Amino acid sequence: MSKYLLIAGLLFCNFANAQQVTIAVDLKKETGDMKPVWAWFGYDEPNYTYMKDGKKLLSEIAALSPVPVYVRAHSLLVTGDGVAALKWGSTNAYTEDANGNAVYNWTIIDSIFDTYIKRGMKPLAQIGFMPEAMSTNPSPYKHNWKPGDPYGNIITGWAYPPKDYTKWAELVYQWVKHSVDRYGKKEVESWWWELWNEPNGYWKGTQEEFFKLYDYTADAVKRALPAAKIGGINIAGTAGKNAQDWMHAFVKHCFYDTNYVTKKIGSPIDMILFHAKGSPKVVDDHVQMNMGRQLQDIYMGFKFAASYPQLKNLPIVIGESDPEGCAACGMKTNPSNGYRNGTMYSSYTAASFARKYLLADSFKVNFLGAVTWAFEFEDQPWFYGFRDLATNGVDKPVLNVFRMFGKMKGKRVAVTGNQMYDLKTMVDSSVRRNYNDVGGLAAKEKKSATIMVWNYHDDDVMKPALPVAVSIDGLTVKTVTLTQYRIDDKHSNSYEVWKKMGSPQNPTATQIAALEKAGQLQTIGKPEKLKVINGKLAVNISLPQQAVSLLKIDW
């Protein structure tokens, strides 16, 4: 026996003796639409939008999606010079002259929204925060927060109620009217508007003052554009009692209380928004994720919407949906964020989005989108460990999960697996058992099917690759073409390539070109023709821990 046959035999034996994992896909059993709920993104720093790497990343995000991507950004009405900083942004949309008269300046907001519209994207337009001239407590106004500082330092004059609600309403009216004048009525009617962000944390007024602000805001939006769509409440910590109290009080106000502007009962609400965050920590010198914490927020948010007949059919958007809460906190100052550069983030994203679909199915709610709160940070160190999709113009592995999602269309179909954690376990206790979550999400169209498969565990402790037997039932053709896309340590992974370069902070042009190439979605081998036997296709893959594969079958 040649040494090559011996090696091949040993590899086969090792593969065969490893724990056999199975994934079964039934193309005959449709479970719902493959809605592009992932095609929503957001970030704290709006001024990055029109900068070099911001434009590049937005172009890539727009290109990967078969539908218009919605984008949400903070601080669109904040006073300042438009210079970007961590956890800070400004547009100077509103100032006042010496006599206290309003001065509107849409230049920076136009630069932001123009960037979206030119790429076929649409704003989830956040109306906030308070301009300096309107704030009841304007000083200090601009913060100088940096990673490692107390997070509460970002709460300054922009977080306070207005001195004059009528002036605030006029600002909102003029903004929406300007948008219609610039982009056209039909275009702006396709946007979504929402007030503020996390009022149970970023609002320094009372609950009633916030509801008053909502009434003035919604009325102004609808006066400027009657068919405009506005929603709320983008609460933080959705599963907690404080958040639940806020949400129920908000809905009560919108349906049953006297409107502060119209003096009639109720206030318009066209969309429900809430936030969902996980909570990683360092355990025994490694990062341990907590996907269950994020899923609990989603569970309680969907349960809340389903409990009101008036809300059940309204579109629901998870306004921020992430593994934890601070995108600008790098892993140097926050070691628990060490998951962000590599495949832990990408595999977490695949496994968590699959459960978002299942939770929406279980509550029978109108789940429209989940905003991934990750973008890019201009002129920052390479792979600093921010929660971002790209670093210095180079895509991270997580962006390739969204490239995979962009290839999944049509109807979702049933997927089962002998190592796929059930939904209740995921929500109640996350992925903490002594085996990994090897699961799948599948969709079909008339001439194709796509199956996303991942190998995930909360603990960032690497184990050997697992052999996974994927069976696809319900095919009506004799042969198919299989293409396998992969994210792992060797594919679609700029971070691993960067480390092999010696982790340069000043990479050469040649190195940057190599990193850019490594950041794109890659395939394993070439497409191959496979036989279908009695309507079934068997595909065997070796799936490393934290890997994500997309099996695309065409016929």
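Here's a quick tour of the packing, the disulfide and some strand pairing in this structure. Keep in mind that the model is predicted. The largest nonpolar core has 176 residues, and helix 10 is largely enclosed by the rest of the structure. A whole-structure search turns up one disulfide.

**Nonpolar cores**
- In the 176-residue core, the members that touch the most other members are W168, W193 and F302.

**Who W193 touches**
- If you skip its neighbours within four places in sequence, W193 still has a list of contacts that includes A125, I127 and W175.
- V176, S179 and V188 are on that list of W193 contacts too.

**Helix 10**
- Helix 10 covers residues 397-405, and nine of its nine residues are buried, so the rest of the structure largely encloses it.
- The buried set takes in P397, V398, L399, V401, F402, M404 and F405, and also N400 and R403.

**Cysteines**
- The disulfide links C326 and C329, with 2.1 Å between their sulfur atoms.
- Going by the 75° about the S-S bond, the C326 and C329 link is right-handed.
- C326 has 9% relative accessibility, so it counts as buried.
- C329 comes in at 7% relative accessibility, so C329 counts as buried too.
- C254 is at 3% relative accessibility and therefore also counts as buried.

**Strands around strand 16**
- Strand 16 (residues 411-417) runs antiparallel to strand 1 (residues 21-33), and seven bridges join them.
- On that side, D33 has K411 of strand 16 as its bridge partner.
- Strand 16 also pairs with strand 17 (residues 437-444), again in the antiparallel sense, over three bridges.
- There, R412 has A443 of strand 17 as its bridge partner.
- Put together, strand 16 has bridges to strand 1 and to strand 17.

Key: Residues numbered from 1 in each chain as written. Predicted model: local features only at pLDDT ≥ 70, side-chain atom pairs only at ≥ 80, totals over all residues. Heavy atoms only, no water. Buried < 20%, exposed > 50% of the residue type's maximum accessible area, 1.4 Å probe, protein only. Helix = DSSP H or I, 4+ residues; strand = E, 2+ residues; numbered from the N terminus. Core = buried A, V, L, I, M, F, W, Y, C linked by side-chain atoms within 4.5 Å. Contact = heavy atoms within 4.5 Å. Disulfide = S-S within 2.5 Å. Pairing = 2+ DSSP bridges.
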